[in-house]
Amino acid sequence: QVHLVETGGGMVQPGGSLRLSCEATGQISSNSGLAWFRQAPGTERAFVAGRWWWGGTPIYANSVKGRFTISRDSAKSTVYLQMNSLKPEDTAVYYCAVSTVLDTDMAKYDYWGQGTQVTVSS
């Protein structure tokens, strides 16, 4: 069983930055995939960024490449999503998720956090 808790959401002006955290507890193996997804009102949940728990090259959605960075603090079992140059279209509820694979398809993920709201508005 894996438990995920996201924090760090809030409201920010366009061009600003936020860092989301996802604290993971439970049985996570080094071969687990950890990803961030987001869901805006009236839309489907969409992949944002992901990485293997052990490291390797992260993957990003085209819409966030060069602006968002996923990283992990192994000492804290926490994964971060650093979001820079935020745009109004980044407004959504952001979720972290864990799987036995690293994939952009949300159906492949077994465990989810409760989500944290990010609002980008002037």
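Trainee: What is the strand order in the open sheet of four strands?
Mentor: Keep in mind that we are looking at a predicted model. Strands of a sheet pair through backbone hydrogen bonds, either parallel or antiparallel. In this open sheet the pairing is antiparallel, and the four strands have the order S1-S3-S8-S7.

Trainee: Which are the edge strands?
Mentor: Look for strands that pair on one side only.

Trainee: How many bridges join S7 to strand S8?
Mentor: Strand S8 covers residues 78-83, and S7 and S8 run antiparallel. Two strands count as paired if there are at least two bridges between them. Here the number of bridges joining S7 to S8 is six.

Trainee: Is Gly33 buried or exposed?
Mentor: Gly33 is found in strand S4, which spans residues 33-39. A residue counts as buried under 20% relative accessible area. Gly33 has a relative accessible area of 1%, so Gly33 is buried.

Trainee: Which residues does Gly33 touch, not counting those up to four places away in sequence?
Mentor: A contact here means heavy atoms within 4.5 Å. Arg51 and Trp52 are among the partners of Gly33, and so is Tyr109. The list also includes Ala97, Val98, Ser99, Val101 and Leu102.

Trainee: How many helices and how many strands does the protein chain have?
Mentor: Read along the sequence, the pattern is β-β-β-β-β-β-β-β-β-β-β. That gives zero helices and eleven strands.

Trainee: What is the radius of gyration of the protein chain, and what would a compact globule have?
Mentor: The C-alpha atoms fill a box of roughly 40 × 30 × 25 Å along the principal axes. With 122 residues, a compact globule would have a radius of gyration near 14 Å. The chain agrees with that, at 13 Å.

Trainee: What share of the residues in the protein chain is buried?
Mentor: Gly33, at 1% relative accessible area, is one of the buried residues. Of the 122 residues in the chain, the buried share is 42%.

Conventions
Residues are numbered from 1 along each chain as its sequence is written. This is a predicted model: local features need pLDDT of at least 70, side-chain atom pairs count only at pLDDT 80 or more; totals for chains, interfaces and linings use all residues. Side-chain values use heavy atoms; hydrogens and water are left out. Helices (H or I, at least four residues) and strands (E, at least two) are DSSP runs, numbered from the N terminus. Buried means under 20% relative accessible area, exposed over 50%, partly exposed in between (1.4 Å probe, protein chains only). The radius of gyration is taken over C-alpha atoms; the globule rule is 2.2 Å times the number of residues to the power 0.38.
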